[in-house]
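Here are my notes on this structure, point by point. Please keep the model open while reading.

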Amino acid sequence: MLRSLVGSEMCIRDRYQANTTGNWKSKDAAIYLVVALGMRNGTYSLGATGLNDHINIPQFLEQHILPEMQDSNVNNNPILKADAIKFITTFRHQITAPVLPHVLPLIINHLKSSSYVVRSYAAGCIEKVLAVKDGQAARFGVADIQSSLSGLLENLFGSLTIGMGGNDKWENEYTMKAILRVTGVAKGALAPFVEPLMGQLNRVLECVCGNPRNPQFNHYLFETVASLIRFVCEANPPAVEQFENVVMDPF
């Protein structure tokens, strides 16, 4: 049965390669089939914690997922983009420290997508990848994201503030949670960015205080402010006064 399903996946994939524009649904089906077959153990919250030995997940990632992510047009075929990001999220335990610098910038780039779903998937993926642990210890630290930190913050806040203050739901809790996760990983390394960060958070706080309609978003927002105060002020105690001047204004 497994051999038959693997054969079906290869046929579906070949159909896509024959016509990448017209047969995009074939790749969509192939990715879902590999995700279903590739997980031996796992949950939605933990991702795949055990793999099927007969499915080469790293090879599929390299040959079929990363090329999709490397497409310079992040708005091209958003369903496949979302599929690719979901694949990385599901198999995030296979992302090691040497692999992260190659994968993280691709995910960050998709925070620029015009699709709310793709941006949400990208933010959720960043948060979950950075949350991976080996035993009780976090797998990734500030050294692993240092080279991407500036672009990561810029694109997360760029995604967060799209439509800010409008009538449509703009408070994306996935993006806010990703920002919170980044502050917890980067810690004191955020000190050079604290002024623009607090300026952005101040704008968000002002909108939220005027219309607090998403409690989960608000929770992550205040946790982010607290996290910044904790880690930045530990590294630079005089920053306390700067935080007081910025944070108290919206209230």
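1. **Terms and basis.** Buried means under 20% relative accessible area, exposed over 50%, and partly exposed in between, with a 1.4 Å probe and protein chains only. This is a predicted model: local features need pLDDT of at least 70, side-chain atom pairs count only at pLDDT 80 or more, and totals for chains, interfaces and linings use all residues. Residues are numbered from 1 along each chain as its sequence is written, and side-chain values use heavy atoms, with hydrogens and water left out.

2. **Cysteines.** A disulfide is a pair of cysteine sulfur atoms within 2.5 Å. The count by this rule is 0 disulfides. Cys207 is in none; its nearest cysteine sulfur belongs to Cys209, 9.5 Å away. How exposed is Cys207? Cys207 is partly exposed, at 25% relative accessibility. Cys125 is buried, at 0%.

3. **Overall build.** The protein has 12 helices and 4 strands. Both are DSSP runs numbered from the N terminus: helices are H or I with at least four residues, strands E with at least two. Of the 251 residues, 47% count as buried. Contact means heavy atoms within 4.5 Å. Of the contacts with a separation of 6 or more, 68% join residues 24 or more positions apart.

4. **Core.** A nonpolar core is a set of buried Ala, Val, Leu, Ile, Met, Phe, Trp, Tyr and Cys residues joined through side-chain atoms within 4.5 Å. The largest one has 70 residues. Ile65, Phe87 and Ile88 have the most contacts inside it. Leaving out residues up to four places away in sequence, Ile65 touches Ile31, Phe60, Ala84, Phe87 and Ile88.

5. **Helix H5.** This helix covers residues 100-109. Its buried residues are Leu100, Val103, Leu104, Leu106, Ile107 and Ile108. They pack against helix H3 (57-69), H4, H6, helix H7 (142-145) and helix H8 (149-160).

6. **Largest pocket.** On a 1 Å grid over the protein atoms alone, a cavity is a set of points where a 1.4 Å probe fits but cannot get out, and a pocket is an open set with protein on both sides within 12 Å along at least five of seven lines; lining residues have an atom within 4 Å of a point. Grid points are joined across faces, edges and corners, and a volume is the space filled by probe spheres set on the points. The largest pocket has a volume of about 510 Å³. Its lining has 19 residues, with Tyr44, Thr89, Gly124, Lys128 and Tyr174 nearest the centre. Which helix gives the most to the lining? H6 does, with 6 residues. By class, the lining has 6 nonpolar, 7 polar and 6 charged residues. Here Ala, Val, Leu, Ile, Met, Phe, Trp, Tyr, Cys and Pro count as nonpolar, Asp, Glu, Lys and Arg as charged, and the others, Gly among them, as polar.

7. **Cavity.** The count is 1 cavity of 30 Å³ or more. The largest cavity has a volume of about 30 Å³. Ile57, Leu61, Phe87, Ile88, Phe91, Gln94 and Ile95 line it. H3 and H4 each supply at least two lining residues. The lining divides into 6 nonpolar, 1 polar and no charged residues.

8. **Phe222.** This residue is in helix H11. Phe222 is partly exposed, at 38% relative accessible area. Phe222 and Leu205 lie 17 residues apart in sequence and 8.8 Å apart in space, C-alpha to C-alpha.
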